[in-house]
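Morning, everyone. Please bring up the sequence and the model side by side, and we will walk through it together.

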Amino acid sequence: MSKVTLIPDKMFNNIYEITPELLKQDGITTVIFDLDNTVAPYSVAYPTEKMAQYLFSLRDNGINVAFASNNNGKRIEKFNRPLGFFTVCKAKKPSRRAVRRIMREFGATKAETLVVGDQLFTDCLCAHRAGIRAYIVNPIDPQDEGWFVKLKRWFEKPHLRYFKRRKA
Ligand SMILES: [Mg+2]
């Protein structure tokens, strides 16, 4: 886990790059997905076939899949209906509550649990506060974001630059 709270442990263009093989290599058994702009844009109510196939491929490889979203129960429940994963809504990330709840549900340790999200100040911070890893993806549709998220994006910039510099 990164010692620097706001620096992701890994970065990807999208969730599909985070393959079951990669997760196994990294020793991950439990993946906690953010929903909005990580798995689906805000405007997409139900999972597409591609999204569902990807999430089921993790499950079929023995990886626990869960959603922790700051969005409301209606949104998550609707999206998750055809999937049937464990979900926590109104997670209030960066609060650790949802992460802890999900780890308890699956009996997962910190070392084997991962948060996948698109925001440093919610997803990455939440993971690192809970002592687990955070893999950050590019937001699917930044045009779709409200003013508060746009503001947070501006403050993310130096931390993302730091991640890229460190990689180079
Ligand atoms: Mg998000």
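In helix α5, the buried residues are L120, T122, D123, C124, L125, C126, A127 and H128. Buried has a cut-off here: 20 or more other C-beta atoms lie within 10 Å of the residue's own, while exposed is 12 or fewer, partly exposed is in between, and C-beta atoms are placed from the backbone. Helices (H or I, at least four residues) and strands (E, at least two) are DSSP runs, numbered from the N terminus.

Two notes on the model. Residues are numbered from 1 along each chain as its sequence is written. The model is predicted, so local features need pLDDT of at least 70, side-chain atom pairs count only at pLDDT 80 or more, and totals for chains, interfaces and linings use all residues.

Back to α5. What does the covering? It includes α4 (97-106), β5 (113-117), β6 (133-137) and α6 (147-167). After α5 comes G131, with a positive phi near 80°.

Now the core. A nonpolar core is a set of buried Ala, Val, Leu, Ile, Met, Phe, Trp, Tyr and Cys residues joined through C-beta atoms within 7 Å. The largest one holds 38 residues, and V31, I32, A68, V99, V115 and V116 touch the most other members. Elements giving two or more residues to this core are β2 (30-33), α2 (49-60), β3 (64-68), α3 (73-80), α4, β5, α5 and β6. Which element gives the most? That is α5, with 5 residues. As a general point, nonpolar side chains tend to be buried together in soluble globular proteins.

Take A68 as an example. Leaving out residues up to four places away in sequence, A68 touches I32, D34, V88, A91, K93, A98, V99 and I102. Contact means that the two C-beta atoms, placed from the backbone, lie within 7 Å.

Next, the sheet. It is open, has 6 strands with parallel pairing, and runs in the order β1-β6-β5-β2-β3-β4. Two strands pair if DSSP finds at least two bridges between them. The edge strands, β1 (10-12) and β4, each pair on one side only.

Look at β5 in that sheet. How many bridges join β5 to β6? There are 4, and the two strands run parallel. In β6, G117 has I136 as its bridge partner, and V116 has Y135. Toward β2, β5 also pairs in the parallel sense, over 4 bridges. One partner pair there is V31 with L114 of β5.

Is β5 enclosed or open? Its 5 of 5 residues are buried, so β5 is largely enclosed by the rest of the structure. Both faces are covered: T113, V115 and G117 are buried on one side, L114 and V116 on the other.

Compare that with α3. Its buried residues are I76, F79 and N80. Seen down the axis of α3, they fall within an arc of 90° (the arc of the directions from the helix axis to the C-beta atoms), so they line one face of the helix. They pack against β3 and β4 (86-88). On the other side of α3, K74, E77 and K78 are exposed. Here is the general rule: an α-helix has 3.6 residues a turn, so residues three or four places apart point the same way.

Now some backbone details in one loop. P94 lies in the loop between β4 and α4. The peptide bond from K93 to P94 is cis, with omega near 15°. K90 is in the loop between β4 and α4, and its phi is positive, near 45°, although K90 is not a glycine. K90 is partly exposed, with 15 other C-beta atoms within 10 Å. K92 is also placed in the loop between β4 and α4. Its phi is positive, about 55°, and again K92 is not a glycine. K92 is partly exposed, with 13 other C-beta atoms within 10 Å.

Last, the whole chain. It comes to 6 helices and 6 strands. Along the sequence, the pattern is β-α-β-α-β-α-β-α-β-α-β-α. Of its 168 residues, 37% count as buried. The C-alpha atoms fill a box of roughly 40 × 35 × 30 Å, taken along the principal axes.

Thanks. I will take questions now.
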